[in-house]
Amino acid sequence: MLQRIQTLWLFLSTTMIFALFLFPFLQILSANGTAKAIKVTGVYENIGGQVVQSEGFIGLTIATVLLGLLPFVVIFFYADRKKQIKLCYLTIVLIIGFSFWLAQTAKGIIGDMTIQLQNYGIGVILPCLAIFFIVLALKGIRRDEKLIKSADRLR
């Protein structure tokens with residue numbers, strides 16, 4: 001039963017990372033009056049009523065795919081809980097680093113413009129949710145570990 005719960009948390013974490021492809025993490029109005037949406041795949045502008053990608057982020061896109069697959073891979077290490085815990089911690093550190101990379105990329109795009117609360121998109125929250133779900137999975141893995149150790153003591 002517990003294995004199913006932590007699998008769910010890790011799967012939700014993977015889903016949150018892959019949701020970054022759908023939702024922008026920053027939306028701004030540029031100096032010339034065009035609306036820009038910054039996603040992990042690039043900068044999208046509304047030009048003449050059509051949304052056009054004006055700049056692409058290949059490195060960020062590849063990193064998002066790899067980072068999204070990592071919690072999914074952790075699911076399959078259910079037999080080796082110590083490795084699962086290490087990989088969960090590694091994933092958390094990588095998500096934090098990825099978030100800083102997102103922030104620096106956005107800072108490079110907007111330059112010296114000031115960002116207000118309404119400029120942030122759903123994509124800003126998604127890495128935080130992914131970390132939260134991984135922490136819940138870690139809690140479940142540790143609970144599994146305790147249960148196994150107590151069962152071994154009884155034998």
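Rings of Phe, Tyr and Trp (its six-membered ring) pair if their centres lie within 6.5 Å; planes under 30 degrees apart are stacked, those over 60 are edge-to-face, and the rest are tilted. This is a predicted model, where local features need pLDDT of at least 70, side-chain atom pairs count only at pLDDT 80 or more, and totals for chains, interfaces and linings use all residues. Residues are numbered from 1 along each chain as its sequence is written, and side-chain values use heavy atoms, with hydrogens and water left out.

Q: Which residues form one aromatic cluster with Trp-9?
A: Ring pairing is the rule to apply here. One aromatic cluster holds Trp-9 together with Phe-132 and Phe-133.

Q: How many aromatic pairs are there, and is the pair of Phe-18 and Phe-21 stacked or edge-to-face?
A: The rule gives four aromatic pairs. Phe-18 and Phe-21 form one of them, at 6.4 Å centre to centre. Their planes are 20° apart, so the pair is stacked.

Q: What is the angle between the planes of Phe-72 and Phe-76?
A: Phe-72 and Phe-76 also pair, with 5.3 Å from centre to centre. The pair is edge-to-face, and the angle is 85°.

Q: Is Phe-76 buried or exposed?
A: Buried means under 20% relative accessible area, exposed means over 50%, and partly exposed lies in between (1.4 Å probe, protein chains only). Phe-72, its ring partner, has 34% and is partly exposed. Phe-76 has 54% relative accessibility, so Phe-76 is exposed.

Q: Is Thr-64 buried or exposed?
A: Thr-64 is found in helix H2. Contact means heavy atoms within 4.5 Å. Not counting residues up to four places away in sequence, Thr-64 touches Ile-17, Phe-18, Leu-20, Phe-21, Val-40 and Phe-98. Its relative accessible area is 0%, so Thr-64 is buried.

Key. Helices (H or I, at least four residues) and strands (E, at least two) are DSSP runs, numbered from the N terminus.
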